[in-house]
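Here are some exercises to work through with the model open in your viewer. Try each task before you read its solution.

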Amino acid sequence: MTLLEDPPASPSEPEPEPESEPVKSATGWRVDIPDVTAADMRPVKWQLYLSFIGLGLGILMGLLQAFERNGQNLYDEAPVLQTYYQGLTLHGVALALVFTFCFANALMPLLTMRGLQRPMASRAIANTGLYLAWIGTGLAAWAILANKATVLFTFYAPLQATPAFYVGAVFLVVSTWMTTLNMLLTLRQWRRDQPRGTRIPLVAFACLVSMLMWVLASTGIAAEVLYWLLPWSLGWRDMVDPQFTRILFWFTGHPIVYFWLLPIYVSWYCLLPSQVGGKLYSDGLTRLAFISFLVLLPVGVHHQFTDPGIPLSSKTLQWLLTFGIFYPSMITAFSVFAALEQGGKKRGGKGWFGWIFKLPWHDPSVNAQLLAGLAFMLGGASGLINASYTVNLVVHNTSFIVGHFHLTVGTAVALSIMGISYWLVPYLTGKRLFAPGLAVAQAWIWWIGVMIFARGQMWGGVDGVPRRTQLRDAAYYADHPGWHWPTLMTAIGGMIMFIGGVCFFVVLFGTIFSKRVVTERQEIPITDVEHGPKESWRVLDSLGTWVTIAVVLSILVYGEVIAHYWPINSVSPGFRLW
Amino acid sequence: MKVERYERYFLIVVAVFLGLAIGALVATVTQDHASLPEPSDRVDPQLVRSTPPFDAPGVRELDNGEYEVVIVAQAWQWDPVEVTLPVGATANLRVTSVDVVHGMRVPDTNVNAMVIPGQVTEVTVTFDEAKDYSLICHEYCGIGHHNMGGVFHIVDEESAP
């Protein structure tokens with residue numbers, strides 16, 4: 001059979017797509033979503049490719065950082081880059097903003113289309129989101145590579161980047177808003193066609209709640225950048241308040257980690273059980289878990305336990321709310337494990353642990369996501385340590401935190417995205433996955449790498465190694481002989497992760513440029529549910545109710561912070577100290 | 001809504017665990033007197049050098065036998081960069097920044113706090129051992145961030161200043 005070649009369109013110049021009829025073919029999106037065309041899939045595909053560019057850049061920078069930890073400063077020889085901190089800024093922006101945002105921009109609309117069984121409501125909005133993401137990435141990358149924005153991805157004022165950096169970040173955020181808007185319009189169209197009271201299909205519901213959570217969460221950073229930092233960088237405003245802009249940053253900065261994670265949760269809940277031959281247990285608890293992330297937005301102050309300008313009342317309240325987040329995480333652990341166990345037992349696994357070995361570890365997509373989940377257990381546990389009020393004093397701003405989030409976003413999320421890509425790229429391109437054996441090995445290499453890496457970072461952090469520091473050149477490094485081994489572990493683990501990352505790109509390029517096409521029927525693996533929506537509360541589907549509760553709770557909790565902080569203390573001009 | 005028996009047990013166990021964790025952390029505050037930084041003063045970062053007590057950074061012995069240590073953070077050094085105190089001394093650190101955000105960590109103690117322009121950071125610490133404690137800037141503050149280290153020399157009573 002022949003597959004229609006997707007036009008190799010450049011994202012900035014889309015070919016005018018004829019208002020074409022749905023293409024009939026035996027595989028991929030052509031069979032499992034009615035009425036979609038290549039033009040509906042193009043934004044999905046090019047958001048995904050941009051996401052991979054972010055991943056590639058980030059991994060490359062990671063290698064340089066691993067060498068730095070081994071005492072080899074390669075920044076002098078590297079083209080374009082000048083300093084460790086410039087590379088670190090690129091690492092953070094490429095991975096924390098581009099990689100994760102663009103992946104959500106690709107997967108969430110695709111699964112919404114699959115769930116609601118219709119194309120996105122507006123191609124114009126989808127394409128606008130796509131252009132904003134590419135242009136935003138381009139602007140931010142230029143600013144960083146031109147050494148005009150060495151402010152790390154947290155860009156704390158009063159370090160001041162060039163305006164293009166902030167504009168690029170804004171464009172990336174707005175691209176996610178476009179995605180959300182389009183998903184909501186699609187939901188509205190779907191509702192018109194359904195009898196009143198039809199439950200939103202679970203996978204679409206999970207995607208929608210995740211995106212709504214992020215839109216609310218991103219208002220903090222939007223206000224910070226649009227009202228304070230961008231005008232200040234342009235010279236229209238003289239002074240900003242470093243403490244207050246940090247409060248706004250962290251309003252977004254905590255739930256941003258949910259936004260990294262939730263597309264993965266969608267996969268773990270709604271796809272992975274089907275991939276291992278199991279079933280998701282409860283529709284209702286799944287909806288409840290996603291809603292918990294939406295409602296428990298205002299917890300950002302637990303990143304600021306050591307900030308001088310925030311009172312203990314705010315710190316205590318948000319500490320307790322943060323512990324509340326542990327609950328949906330444990331619901332997830334239970335549900336996902338239950339679904340996996342059921343799948344393993346159906347495959348003939350016996351006893352308490354026998355099912356684990358019967359899971360399809362040979363399937364690259366499953367293997368990567370299982371390993372990701374394994375890392376997430378350690379990542380989640382270390383997150384509880386970070387959030388633990390006074391215990392945070394031991395680890396705040398040390399490399400312990402870096403160890404933690406390389407287990408969570410750096411592995412639970414990144415390795416899952418690689419695993420998802422192992423079905424998604426063939427699904428979108430119609431090409432057969434290249435070297436599945438290498439794809440399985442790749443995930444193991446990454447996982448082993450991160451275990452060594454994170455152990456090193458956490459060990460060092462507890463002994464006082466600061467995060468985000470050119471450590472081997474540090475004035476005080478020699479005074480701490482105990483830092484030697486953890487630092488070496490970090491270096492070795494990071495290098496192993498890099499090898500795992502390179503293998504991923506070999507598989508990816510091998511697949512995209514492969515001549516071998518998929519011939520069998522290929523669908524998005526959507527799981528069945530044991531206890532379906534009929535048994536779960538109707539109010540769970542009321543998105544408006546939960547958004548309202550989240551907004552009210554955020555206003556109350558952050559109102560408390562701001563009421564204590566007032567008035568704003570704008571005292572800082574910009575500094576460019578690089 | 002259907003919640004299966006094992007799941008209910010599991011959720012109860014999680015709730016108990018969280019309750020114990022919260023209890024343990026409350027004990028670190030009430031029993032062990034661990035504390036987080038909280039708001040004290042505000043100061044104009046551009047006038048720090050002429051605003052008491054930051055016009056005269058360094059160590060002062062207080063009437064109650066404790067010490068006040070005033071430190072000014074700037075890219076990329078602490079002022080003063082070395083502080084000498086007797087072993088067992090309780091020091092109230094008062095720190096602020098004249099430029100960008102810095103952070104201070106003294107390994108082997110509970111000192112871990114952000115230093116933010118416009119805000120005064122106050123931390124109390126007791127040094128139990130006669131040895132050198134590093135004072136590390138743990139927030140990126142520009143290209144020389146890793147050069148920003150200081151020392152607390154903690155010395156036996158006889159050799160104290």
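**Exercise 1. Find which residues have the most contacts inside the largest nonpolar core.**

Step 1. Start with the term: a nonpolar core is a set of buried Ala, Val, Leu, Ile, Met, Phe, Trp, Tyr and Cys residues joined through C-beta atoms within 7 Å. Buried means 20 or more other C-beta atoms within 10 Å of the residue's own, exposed means 12 or fewer, and partly exposed lies in between, with C-beta atoms placed from the backbone.

Step 2. The largest such core has 234 residues, and A:A206, A:C207, A:L294 and A:L415 have the most contacts inside it. Helix α3 (residues 84-116) of chain A gives the most to this core, 22 residues. Helices (H or I, at least four residues) and strands (E, at least two) are DSSP runs, numbered from the N terminus.

Step 3. Apart from this core lies another, of seven residues, including A:W319, A:F323, A:Y389 and B:L36.

A word on conventions: this is a predicted model, in which local features need pLDDT of at least 70 and side-chain atom pairs count only at pLDDT 80 or more, while totals for chains, interfaces and linings use all residues. Residues are numbered from 1 along each chain as its sequence is written, and chains are lettered from A and ligands numbered from 1 in the order in which they are written.

**Exercise 2. Decide whether B:L25 is buried or exposed, and list its contacts.**

Step 1. Look in helix α1 (residues 5-30) of chain B, where B:L25 is found.

Step 2. Set aside neighbours within four places in sequence; B:L25 is then in contact (C-beta atoms, placed from the backbone, within 7 Å) with A:S388, A:Y389, A:T390 and A:V391.

**Exercise 3. Describe the side of chain B that touches chain A.**

Step 1. Take the totals: 51 residues of chain B are in contact with 58 residues of chain A.

Step 2. Sort by element. α1, β6 (102-105), β7 (112-115) and β9 (132-137) of chain B each give two or more residues to this side, and the largest share, nine residues, comes from α1(B).

Step 3. Sort by type. The residues on this side divide into 27 nonpolar, 15 polar and nine charged; here Ala, Val, Leu, Ile, Met, Phe, Trp, Tyr, Cys and Pro count as nonpolar, Asp, Glu, Lys and Arg as charged, and the others, Gly among them, as polar.

Step 4. Finish with confidence: the model scores ipTM 0.96 and pTM 0.94.

How values were computed
Two residues are in contact if their C-beta atoms, placed from the backbone, lie within 7 Å.
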